[in-house]
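Biologist: I would like to know what stands behind the labels in this structure. Please set each value against its cut-off.

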Amino acid sequence: MSCAIVEKTLYLIQSDDPILKLQGARDIRRLTKSSLRYRRHFSDAVKPLVDMLRNSPSVEYNEAALLALLNLSVKDEGNKKSIIDAGALEPIIGFLQSENASLQEHATASLLTLSASSVTKLILSSFGVIPLLVDILRRGSPQAKVDSIITLYNLSTSQGNLTLILQTEPVPSIVTLLKSCKKSSKTAEKCTALLESLMSYDECRKALTSEEGGILAIVEVLEIGSLQCREHALGALLTMCQSDRCKYRELILREGVVPGLLELTVKGTTKSKEKSQILLRLLRDTPNERSQLQPDTLENIVFNLISQIDGKEQTGKARGLLAEVIQVSMNQSLRRLHQRATVCTPVDLSIAGGASTISST
């Protein structure tokens, strides 16, 4: 990193000449794109960049300043705070409502980076960004929608913000985005994570079931999503079923959830294995009735569920996965037996033999 470059660029961005100022903003964006050290050394550029946002003569100036501030805020808590303290939120929110798609995208991306800090989450929501972000989910460009859902998820992790998100009726827009994205993507992960949190509220559960293909979109993530996506999808469905089993059991079963749950009982994390078994128990026909002839094992629960599945393809897949579940269960049992057998050491055997000799005399 060159000190001369830093000094020259700061001179440009602090200049009264609009052409030099524009060049300075572009240089800051370029230099801070992948360098934490440059971000730190250009902290003095925050105020003049925010002034550019407030007093910009053109869209070109707005974009240059926004993108420079965006890069300055990445993984730098001090710059995030300085950007907000310098008054950047008001113009950024204005751009969020712009008819210019490019400005709207840059503004959404800026809020995404700012929302990654625990300190800024409540500040952002106090400026009323949540309804605007949900509006971006409804009508924004594809990239703006992706950045919006990630920002909303970031904000939802701060106490009180989830209620604000709930008030904007976001579920239809989240489901629409979830349907259109790759089920193993970061977008799907944030959609299902936010839905998992929202499923604690009755109005959000109703909104999901009212949305055509809403539950199916979550089931698809459960089947083919990344491990993190699948865990969030499982959490959303489990929360629904635990809230009102009679109301949601049939709706979830109808979308072919059993094969995905079976696979998680075999290949999931410890947490997802446990949750998938709980959900399988909730989904079976008679969760509270125990039979002496049919103990409450995972295999019997699944046999009960398979008998309720419609369609040869789903049934065949479920039976194949059940066979795998049984095989894994048998392997675990054999390992436990082997461990018990190896507990008896030669010393133990000689003591046992001595005791036998004594008792026979």
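**Values against cut-offs**

Modeller: Lys75 sits in the loop between helix H5 (59-73) and helix H6 (77-85). Helices here are DSSP runs of H or I with at least four residues, and strands are E runs of at least two, numbered from the N terminus. The model is predicted, so local features need pLDDT of at least 70 and side-chain atom pairs pLDDT 80 or more, while totals for chains, interfaces and linings use all residues. Residues are numbered from 1 along each chain as its sequence is written, and side-chain values use heavy atoms, without hydrogens and water.

Biologist: Why is Lys75 called exposed?

Modeller: Its relative accessibility is 70%. Exposed means over 50%, buried under 20%, and partly exposed in between (1.4 Å probe, protein chains only). Therefore Lys75 counts as exposed. Its phi is near 55°, a positive value in a residue other than glycine.

Biologist: What makes Glu169 exposed?

Modeller: Its relative accessible area is 64%, so Glu169 passes the cut-off for exposed. Glu169 lies in the loop between helix H12 (161-166) and H13. Its phi is near 50°, again positive in a residue other than glycine.

Biologist: Why is Ile123 called partly exposed?

Modeller: Ile123 has a relative accessible area of 30%. Ile123 belongs to helix H9 (residues 121-126).

Biologist: How do you know that Tyr38 and Phe42 are stacked?

Modeller: A search of the whole structure finds one aromatic pair. In the pair of Tyr38 and Phe42, the centres are 5.8 Å apart and the planes 15° apart. Rings of Phe, Tyr and Trp (its six-membered ring) pair if their centres lie within 6.5 Å; planes under 30 degrees apart count as stacked, over 60 as edge-to-face and the rest as tilted. So this pair is stacked.

Biologist: Why are Tyr38 and Phe42 called buried?

Modeller: Tyr38 has a relative accessible area of 10%, and Phe42 has 0%.

Biologist: What does Phe42 touch?

Modeller: Its contacts (heavy atoms within 4.5 Å) include Val6, Leu10, Ile28 and Leu72, not counting residues up to four places away in sequence.

Biologist: Which residues of helix H13 are buried?

Modeller: In H13 (residues 171-180), they are Val171, Ser173, Ile174, Val175, Leu177 and Leu178. Their cover includes helix H10 (129-139) and helix H14 (186-198).
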